[in-house]
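Please read the points with the model in view.

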Amino acid sequence: MSMVKYILKRLLMLIPVMVGISLFIYLVLSLAPGDPARMILGMDALPEDIEALREELGLNKPLLIRYGLYMWDALHGDFGTSWYQRFDVASEFFHRLPNTFWLAFIANAFSIIIGIPVGIIAAVRHNKPADYVVTFFSLLLCSAPGFWLGMLAQLLFCIRLGWLPSSGVGSFAHFILPALTMGGGIIAINMRTTRTWLLDSIRSDYVRTARAKGAREGRVIVHHAMRNSMLPVITGLGMNFAACMAGTAVTETVFAIPGIGSFITTGVKTKDIPIVLCSVIIIALMVGLVNLIVDIIYAVVDPRVKLGS
Amino acid sequence: MKKKIALILALGMLAGSIAGCGNPGGQDTGDSSGAGDNRTSEKTGSNSEGNNESTPAASSKDTVVIATAVEPIYFFMQQEPATAASLGQDAIVLYNIYDYLFNLDESGALEPSIGLEYTIENDGLTYVVKIRDDAYFTNGDKVTAEDVAFSYNLVFENIPANARGLLTGLESAEARDETTVQFNMSTKFAAFPNCWTTRAAPIISKTYYEEVGADGYQAAPLGSGPYTLGEVVSGESLTMHANEDYWGGAPAIKNVIVRPISNVNTQFVALQSGEVDVILNANLASCLQLDPNVASWAYCDSATRALMLMQSNPASGSQMVDENLRKAIACCVNREDLVIGVCEGYGSPSWYDTVPSYLGAPALEDCTLAAEYDLDKAKEYLEASNYDGSPLSIYCNSGSRAEQAANIIQGAMIAAGINAEVKAVDGGTSSAAMASGEYDMLIAESTGSQFDTGCLGNIYTTPSFAQMMSDEAFAWMDEKIQAQRQETDPEARKALTAEILSYMNENTISVPLYLPAATIAFNKDLKGVVAHPQTITHLQDWSW
């Protein structure tokens, strides 16, 4: 019962978060230089045409009234129509969402499949060659900008080797390079986090006790040390997934993936407020839900964590 | 041990760098710093040798994949004509699924399409066009004069006032008989025949429009062009299929896929890896690096010109009102540097504010040209001015060619003793600055709506430009431009145009900078590809 209460409480807490984020974005976009009506009609538009379009878009109303009206419509599922492209922004968002989701999912999957085992190896082989190699590559991946890594990967895998497509979507192969590019930094973070926390656990008394009792090394690492060291890693996974969902703009641009990152970028560039607000509200909601799920997993992994208490 | 590990890691990094940065396929790219031996044209726009020998695989292909920087959006111009949102990106679809009354060839001349010939009546206030009687919409309906008249009347009803330059002077259109259309003008406009080629008025079916309405037309456009629109996946791709019954003959390329790829590097990786076959508006610097065994590129003079607007309206409060200061700045423009630095050496210097290949453009020797680069003279003008040394802003769009130009000009201005600040901003900020007149200088690239000097009036008689000139200058320009638009005698029109362009240079109203090239990059096996000044592509001319 306390778990249900906790979830309800967290869901209610999302409401002020949504209002805060959407109001902030709305104000920033509305107060930034540039009249959307003039941008749509062009530099040489006549004042009467601009005025007519401003009226049509509701730009002549006071700022907070406009925001309120938008949010009221949004609550009823109407996130508006793109000022430039005239499509329903929510439909377009959900049309593009799977591409971003798969990109974020595969990038995180790579970070788990590669980052965590390699981090474990580094911790177990502490101060040995394997640890040095892992440390070196994690620093390399952390410090390499995603777009640079992506462009090098395109040259190598698309032109020179011809193994993978350089752009677009349509198959799993299309996502490999973008996911590795975007996941490079997360792989490195997972390697470092796993290594650090596992080392901390390995040095703990309960691990020493387990060894003293004659438990096999593999069992000591997997069942005793790892379980405790995984909490910060799981926290990181949630944060990383959220960051991936909201931070795909560069990768999507480099690999020409029609996802929500490039969608938001287009909206910001053209001051197309319905596109940006719709995207931000839905992403914020998803991030809030992902964090809630992570907290629930927390409680499952660590019995000491009591949700709602 | 640590040294060994360090050595292994260093070797690994070196091997990775070599693998990643090496020449694709181990092929020799030849000289990439100069003219580039893989291009197929010498500023003519004609595709010549270099792509004549196609591979067996190429000859069996019937699909072309085209990369564009921006996704085509509007397929029904009568509903959404000529807003800033519907610019060149739609041309690849519009000019291929629809027929236009006439087409503009690579030299800027009109060539027959649905329209076969035209005559001028009523002292230039009536144009009569004879149309072909063997053209059909892809639903089987015949294209009639009534469809043509309806197409123009509908676009004229919906077109925003600022875009009326696309159909300047038009009042209405009517069908005289099944194959004759009459255009009635409210005022004379000598460049009107050029309007028949602009993207604003494709020929649509009146019957189909009445059946499906504007939204239905946008969703499923019906034209009489060489292609029909197939599947459109937003943000991903757009497909066109050949119209086998096209009056001009069935196109050799049966399927065309248009893919939006905004990143220049990705466009060229996709071209070299064979994922795309053509890049529209290809980046010049990247064209020079293309592997000639895989791809070619072509270029020609574009219909675009770059200019620097100079704030000279006394109401603005800008120091630029001082004519000597404006002249000093004009002397700081080194056009050779701009052509090399901005256009990779493939553009031309611009000496007056129009494109010399436009119809009706006067000869350079008949005009007062822009000041040549001369820092000593700039200093003399500066000495004679009241310039107080405070910073002068040069607005430009961030990341554009205009920003590169602004940086080059800024360097020269600083050398002359003028404190110049480059303000590279987003489109919204620059349009706000332009609308309010709150700038000292603003660099922009402008493409004429018509391939004709008649389009001067689309810019210099609009409210935004009234903000940058004195009332006296604006009134003079307005009067002369209206006269130039209505003058039908070619020589008299050229003389008027020369007078306007000279006035602009003499009073430093704007400073012409450079004329960029129009480019297209393509698979070397693709035939018939040519660069077009307005980036118009006629896909029925292409084949493998």
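**Notes on the predicted model**

1. Start with chain B. Among its contacts (heavy atoms within 4.5 Å) between residues at least 6 apart in sequence, 71% join residues at least 24 apart. The model is predicted: local features need pLDDT of at least 70, side-chain atom pairs count only at pLDDT 80 or more, and totals for chains, interfaces and linings use all residues. Residues are numbered from 1 along each chain as its sequence is written, chains are lettered from A and ligands numbered from 1 in the order written, and side-chain values use heavy atoms, without hydrogens and water.

2. Chain B has 17 helices and 19 strands. Both are DSSP runs, numbered from the N terminus: helices are H or I with at least four residues, strands are E with at least two. Of the 544 residues in chain B, 56% are buried. Buried means under 20% relative accessible area, exposed over 50%, and partly exposed in between (1.4 Å probe, protein chains only). Chain B exposes about 20500 Å², and carbon and sulfur atoms supply 48% of that area. Accessible areas come from the Shrake-Rupley method with a 1.4 Å probe; for residues, only the protein chains shown count as cover.

3. Look next at B:Gln267. This residue sits in helix α7 (residues 264-272) of chain B. Its relative accessibility is 3%, so B:Gln267 counts as buried. Leaving out residues up to four places away in sequence, B:Gln267 touches B:Ala67, B:Thr68, B:Ala69, B:Ile261, B:Val276 and B:Ile279.

4. Now the nonpolar cores. A core is a set of buried Ala, Val, Leu, Ile, Met, Phe, Trp, Tyr and Cys residues joined through side-chain atoms within 4.5 Å. The largest core has 81 residues; A:Tyr70, A:Phe79, A:Phe93, A:Leu198 and A:Cys278 touch the most other members. Helix α5 (residues 89-124) of chain A gives the largest share of this core, 13 residues. Domain 1 (34-78) and domain 2 (89-301) of chain A each contribute at least three residues to this core; the bounds come from an automatic or database domain assignment. Apart from this core lies another, of 70 residues, including B:Ala91, B:Val93, B:Cys300 and B:Trp542.

5. Neighbours within four places in sequence aside, A:Cys278 is in contact with A:Tyr70, A:Phe79, A:Val89, A:Ala90 and A:Phe93.

6. A:Glu217 pairs with A:Arg211, with the closest N and O atoms 2.7 Å apart. A:Glu217 is partly exposed at 39% relative accessibility, and A:Arg211 is partly exposed at 34%.

7. In chain B, B:Asp123 and B:Lys188 form a salt bridge, the closest N and O atoms being 3.8 Å apart. B:Asp123 lies in the loop between β4 (115-121) and β5 (126-131), and B:Lys188 in the loop between β7 (180-185) and α5 (192-195), so the pair ties together parts 65 residues apart in sequence. B:Asp123 is exposed, at 61% relative accessibility. B:Lys524 forms a salt bridge with B:Asp525, at 3.3 Å between the closest N and O atoms. Both B:Lys524 and B:Asp525 are buried.

Definitions and conventions:
A salt bridge is a side-chain nitrogen of Lys or Arg within 4 Å of a carboxyl oxygen of Asp or Glu.
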